[in-house]
Amino acid sequence: MSAEKLRLDKYLWAIRIFKTRTQAAAACESGKVKMNGSAVKAARAVNIGDQYEVKTEAKRWKIEVTGLLANRMQYSEAIKFYIDITPEEDKQYNQRVASSFHTGKRPSKIGRPTKKERRDLDDFMQED
């Protein structure tokens with residue numbers, strides 16, 4: 001592991017904030033990753049003690065780097081390389097966003113019938 005030069009996008013991917021390095025790099029380039037209020041580039045070198053604000057689709061994070069991790073590892077190990085210092089209001093925001101996510105299940109009695117409902121309806125109509 002090269003402790004001197006570790007790219008920000010690789011670090012954010014390794015600590016499992018983003019699923020892919022491409023997503024991490026895209027977030028950096030679009031200004032969703034900030035350090036001291038200003039956007040940072042994906043190639044920025046990460047140092048211990050740096051604090052980053054990260055916005056993903058699901059959450060807002062504020063993290064402090066406690067160790068450098070170049071390779072992705074399981075979540076229980078990866079969380080040891082940063083401290084989550086997300087402010088309380090952002091944590092509450094994250095909970096509200098998570099509770100409003102669409103589960104993929106269609107609400108009943110709204111829109112087109114499912115395939116099963118359609119078959120049941122057809123069977124019912126053919127009984128006459």
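Guide: For sorting residues, Ala, Val, Leu, Ile, Met, Phe, Trp, Tyr, Cys and Pro count as nonpolar, Asp, Glu, Lys and Arg as charged, and the others, Gly among them, as polar. This is a predicted model, in which local features need pLDDT of at least 70 and side-chain atom pairs count only at pLDDT 80 or more, while totals for chains, interfaces and linings use all residues. Residues are numbered from 1 along each chain as its sequence is written, and side-chain values use heavy atoms, with hydrogens and water left out.

A pocket is, on a 1 Å grid over the protein atoms alone, an open set of points where a 1.4 Å probe fits, with protein on both sides within 12 Å along at least five of seven lines, and its lining residues have an atom within 4 Å of a point. The second largest pocket has a volume of about 160 Å³, a volume being the space filled by probe spheres set on the points, which are joined across faces, edges and corners. Its lining is formed by Gly31, Lys32, Lys34, Glu53, Val54, Lys55, Arg60, Trp61, Lys62, Pro87 and Asp90. Two or more of these residues come from each of S3 and S4, strands being DSSP runs (E, at least two residues) numbered from the N terminus. By kind, the lining divides into three nonpolar, one polar and seven charged residues.

The largest pocket, with a volume of about 250 Å³, has Trp61 in its lining too, along with others including Arg16, Phe18 and Arg72. That lining divides into four nonpolar, two polar and five charged residues.

Conventions. Helices (H or I, at least four residues) and strands (E, at least two) are DSSP runs, numbered from the N terminus.
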